[in-house]
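Trainee: I would like to go through some labels and ask what stands behind each. Please show me the model.

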Amino acid sequence: MNDRIADPWGPRTPHAKGTVWPARVDQHLDAGIAEADVERWVQSACVLCSNGCACDIAVKDGRMVGVRGRATDVVNHGRLGPKGLYGSTPWASSPDRLTSPMVREGGQLVETDWDTAMERIVRTSKRLLEEKGPLSHGFYTSGQLFIEEYYTLAVIGKAGLGTPHMDGNTRLCTATAAAAFKESFGADGQPGSYTDIEHADAIFLYGHNMAETQTVLWARILDRTRGPDPPRLVCVDPRRTPVAEEAVRTGGVHLTPRVGSNLALMNGLTRELFANDWVDHDWVAAHTIGVDDLRSVVEPYTPEKVEEICGVPADELRRAARIFGESESVLSTVLQGFYQSHQATASSVAVNNLHLLRGQIGRPGAGVLQMNGQPTAQNNRECGADGDLTGFRNWENPAHVQELAELWNVDPMTIPHWAPPTHAMQIFSYAEHGSIGLLWISATNPAVSMPETARIRKILGGDQCFVVVQDLFLTETAQLADVVLPAAGWGEKTGTFTNVNRTVHLSEQAVEPPGDARSDLEILLMYADAMGFTDQDGDPLVTWRTPEQAFDAWREATRGRHVDYTGLSYDRLRGPSGIPWPVNDEAPDGTDRLYADAVFPTDTDVCETYGHDLLTGGSVSEQEHRAMAPAGRAFLKGAAYSPPHEEPSDDFPLLFTTGRTVYQFHTRTKTGRSRSLRDAAPEPWVELSEQDAGELGIAEGDVVRVESPRGAIEVKARVGAVMPGAVFAPFHYGTWDLEQLAADGLTGQANELTMTIWDPVSKQPYFKTAACRVVKVRDGDAPSKAPTTAASAPAETGVPPTEGGEPTASRLLDDVPRYPLDPAQQSGRVKEDA
């Protein structure tokens, strides 16, 4: 039995390059439940990070009582991480679940019935449509819903109401991933595959603390680095994470650029490829455009210039570039350290550029994973619930709009396409000023997760906008709503979703939702019916009633597009493994990696966007794009580095950056209700380097006040492995369960300090470049309760270790059949172990 709090990644199963990743089935059952007690196992996949690990839900007496990984699945080969093991089911039986709708009466939320709650929403919705038109409505959703729900919402918003004001919290975490793909390759969609880990000679992780954000994927890398012929790792991160330590151990490099200087670093790496002729000139000439312009942009960024800007030693930059330039197969992963920082899209596009310059894409071991932060973020983007046009269509292309108009049988002018889709930061600004009079929030908690949260709380609590929240609990956001709708959660409803590397899973309903809670699909259908949305023939606009019918409608919306689901069905997804799109007549078994033929969806009549200037965000017109004649070639694009919006000053001499811990997910709506996960990371903290702590007279566990020009928090200090000049805080913590913290005079909501500033292309806000100062408030009475197992490990010895997770089982399996996508998965042997 294993304590997966003390060991987040589980036992190692090393293997050689090009061989199968061994199967290891992880399982956790509630205390007192033996495997023989489980009445049935229900197929699903984990939703507590973006990895998309297939699992089965254990059910007894109508309750979810545990989970186990699915050995036959291509994504995880049976493994689950600590959040999946300990956090998947306890929330469902929490006594504070929402079980009835609520409406605000006399300033207080009171329970009511569904008819009353929906009537209040519909009455407000119809009044606003009559008085102000469709621009009075806004929707802010999640990376937690299912395809069937996103697609239904997209149809309601685009064809029923006709509002462009739709986005999700995916704007906060991985909008830059989508933007980078569009700029380089013409459309969203992950080029690489998790199976590239089995084949790579080098793995670069840019702003990606994979050891904490995707623990199972990190275990997959560890099983390569601890086996024969291991890949070298290169880590770009201002903290000494487990990824950084493994990079050094493998003979790779840990690059620590100053917060906000990622693009200068990337320009330096790109210049080194040119300077050392580590470029596949024939491939670049045949399959890309823009190489000469890119060479001119990066020419000034010598290693010495990069050292001046970033603080990264010139020779370390050269070493990292040499690894990229001389390795036969390179896999790159990118996450929030790039996406939420200054010049996010330009920096992420630069990662794509490195692969294009070397032809390192579309073959085993050579690819890009611009990661997601949430399990269904990909579907928000695919379905168009984030404002983009459904099915990766281009809102500026009349033919694409016409396709949807014909599919939905509506007037093309109903579908918003007269201006760019409204991003989340604008949506909240419009709600602030009342031009959006109804804001509907689904499965997300912006009162904690948005930047500058004091402003967000004021917007949500004001009279200028009618706020609807549907969620599992009375979150910090729900407490400010005018109507609260109780939603069914994972395991309480059926639907499909797609992980980072395009693998689609079916999650079956295992138990009934509590009380009068309903699935998000049922709620949306109830609204559509009450509003009376119709097509041009007067028939109901939304014709489906069940999740499977909704999925079939979605499949048709993808026909012929880059994101083609037409070969999938619920029956096919009930097989041994999830299946990566596109799945169609040409690829009936799915597609492990994109662009194996080096043909990209960049043609003017096909692409999802005509592109942007990476420095200013200025749009490329259809005529300009057509004049470039991309003809299926990828774009090489660059931009000059510019300093961050807010730099250190005498008053605020440090840079504040936020992030995640391995034991919590988002605002802890689920993970905070798991005893093992809550005990492992029970309260907020802030991390300082030993150098900065020493200069400020701060010791481990001291109470400190961290201030930015926008707000402040007071928490205990962890003196640890962050680079000098940087201050790190986890963003997970709001107020719902931290009464004792407040009683002690402490506040830890990290986004009180962050800025309402966003990237010019992806519109993703900058959570990682706020200037701050740190002041000691008083001596601590004990060390910080920050975890000791990963990047938040203390610098000093003697801090009690993080441990105490409920026992889990891990079982190694031999000769497990797997989905036939990667040749390496057809051979190899693993030993039995208990």
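Trainee: Which elements each supply at least two residues of the lining of the second largest cavity?

Mentor: Helix 14 (336–339) and strand 23 (654–659) do. Helices (H or I, at least four residues) and strands (E, at least two) are DSSP runs, numbered from the N terminus. This is a predicted model: local features need pLDDT of at least 70, side-chain atom pairs pLDDT 80 or more, while totals for chains, interfaces and linings use all residues. Residues are numbered from 1 along each chain, and side-chain values use heavy atoms, without hydrogens and water.

Trainee: What makes a space a cavity?

Mentor: On a 1 Å grid over the protein atoms alone, a 1.4 Å probe fits at its points but cannot get out; lining residues have an atom within 4 Å of a point. The second largest cavity has about 340 Å³, the volume being the space filled by probe spheres set on the points, which are joined across faces, edges and corners. Its lining counts 24 residues, with G207, D237, P238, G337 and K768 nearest the centre.

Trainee: How many cavities of 30 Å³ or more does the structure hold?

Mentor: Eight. The largest cavity contains about 510 Å³ of space. Among its 34 lining residues, Q144, Q374, A443, T444 and H666 are closest to the centre.

Trainee: Why is the pair F139 and W440 called stacked?

Mentor: Rings of Phe, Tyr and Trp (its six-membered ring) pair if their centres lie within 6.5 Å; planes under 30 degrees apart count as stacked, over 60 as edge-to-face, the rest as tilted. Here the centres are 6.0 Å apart and the planes at 25°.

Trainee: Why is the pair Y527 and F533 edge-to-face?

Mentor: The centres are 5.9 Å apart and the planes stand at 70°, so the pair is edge-to-face. Y527 is buried at 1%, and F533 is buried at 11%.

Trainee: How many aromatic pairs does the rule give?

Mentor: The count is 19. Ring pairs also link Y151, W544, F551, W554, Y565 and Y570 into a cluster.

How values were computed. 1 Å grid on protein atoms, 1.4 Å probe; cavity = no way out; pocket = protein on both sides within 12 Å on 5 of 7 lines; lining within 4 Å. Buried < 20%, exposed > 50% of the residue type's maximum accessible area, 1.4 Å probe, protein only.
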